[in-house]
Amino acid sequence: MEKFIEIKDVEFSYMNEYDDPPTKNTVLRGVSLDIGRGEFVAVLGHNGSGKSTLAKLLNAINLPEKGEVLIDGMLTSDEEHLYDIRKRVGMVFQNPDNQIVATVVEEDVAFALENIGVEPAEIRRRVDEALKTVGMYEYREHAPHKLSGGQKQRIAIAGVLAMQPECIVMDEPTAMLDPIGRCEIMKTIKQLNAAGVTIILITHYMDEAAQAGRVVVMDSGRVIADDVPKKVFSQMEMLKSVGLDVPDVTELTHALIAEGCSLPDDIISEDECFERLYNLLKKGG
Amino acid sequence: MIKDITIGQFFPGKSIIHRLDPRIKLLLTVIYIVMLFTASGFTGLLAASLYMLAAFIISGIPIKMMLKSIKPILPIIIFTGILNLFFISSGDPLVEWHFIKITDDGVRTMIFMAARIILLICGTSLLTYTTSPITLTDAIERILSPLKVIKFPAHEIAMMMTIALRFIPTLIEETDKIMSAQKARGADMESGNLIHRAKALIPILIPLFVSAFRRAEELALAMECRCYHGGEGRTRLKQLKTAPRDYVAVVITLIFLAAVIVLNMFSPI
């Protein structure tokens, strides 16, 4: 697969300037990661593992202290390419309320396009297209504050989508949503990925990560696992040692295996679990 | 319930007044104010009020709304009325009692001033009734943009107004939540004297401010991610275009202004 994002030995730290003397809080300690065009990568890690910091390195909000980040061959530290990079890598944050700028849905979706100086007719076309993609076209003239959390988050996604980015980085986009909202967002994400958009989903929900094509696990500023979901989640002990969980069905099958049932140890989806258990019980009965 | 508040006093509609270019509407409002202040006699004022009445009827705004907009300035009208009544000593005296002297000039000026203030409020209210705050902000930005040459931050001011409008409902909702949270912790906001109640607001204001700053930081980040870099090289989704109806409105308004000036000559007061 063609490389789209290359992260090479990146280190990053925040300075606590209010401490006396100023202390350094190292967040990333040598992270290397390649992400191909069109991939769907989930990044897992508990609080403080550096996953949000990593996300902000991808569109030049943060610049690496050591090492380098290349987006489509462009260095993020190169000022000249700043807006080219931000156009290619869109970002969606946790709280939908804090990323909507305008008081009308369609105006908000148009915001990024207005910033990069797209012609009005083309803005109209792309805004309509983005709103249709996330299924919010009928709400284009509504006020954002009257929409539900899931709807607002879809507007935020549409706002990024209108830039026609090649990659969207989502920093816990479902953390503040109810189950219905989460479901809507996951559906949108999968649909975008199917249309060829590279997705980097930062999450702490294991069932969401299980739906990705690849899972990266981070702990104290390092990548400690990077593989397909089945392989990552079968390492239950390792995940638990860094304060993470595995999907409920994986935990269940592991418990059953420990009791002597003959089940594979890499079950991550409910459907698969159901089928295996059904077959097992039928054979047994 | 608290979520449904309307910002400003925009009254959605599809009348021709609603559809006028907001920049033209601002211009018309200015001409109208000039008209009111050039009118020196009752006939001039009558012409201006006919203009206002016609505009109100065309806009389809209920008359109730107009009265509602006058209500808050009633004390000012009464105050200026009383001042005019007692401090104008020219003209024929109507009542004389000790040091109080009311003249016919005083009464006339009182009525004239009151009518002028009421018409002024009606005109500006009509502007805000028929133009949504966001369109108004947009119009202000475009009207002020020539001033960018002298480094006047037209875009920045408009952007701040837009964000303020966007966050008013969000922050109101938040205030509601914080109030509930503090009440649940035993905060008492309804009893005691004024100072006591003002002090009781502190535990609401502090969390509100902290949260507002946090929101501001996140919003700035989200805006940066969407390539925001000030007003330079920015295009807009909605272009403002003047239509023939805008010119017609300007011409009619100017005719009224001319009429007021002519009427002034014939009836000095």
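Here are a few questions and answers about this predicted model of chains A and B. Residues are numbered from 1 along each chain as its sequence is written, and chains are lettered from A in the order in which they are written. Local features need pLDDT of at least 70, side-chain atom pairs count only at pLDDT 80 or more, and totals for chains, interfaces and linings use all residues.

Q: How many residues of chain A are in contact with chain B?
A: Two residues are in contact if their C-beta atoms, placed from the backbone, lie within 7 Å. On the chain B side 26 residues take part, and their partners in chain A number 36.

Q: Which element gives the largest share of the side of chain B that touches chain A?
A: Helices here are DSSP runs of H or I with at least four residues, and strands are E runs of at least two, numbered from the N terminus. Eight residues of that side come from one helix, H10(B).

Q: Which residues of H10(B) are buried?
A: A residue is buried if 20 or more other C-beta atoms, placed from the backbone, lie within 10 Å of its own, exposed if 12 or fewer, and partly exposed in between. Cover for the buried residues includes helix H2 (82–88) and strand S6 (89–92) of chain A. The buried residues are Leu219(B), Ala222(B) and Cys225(B).
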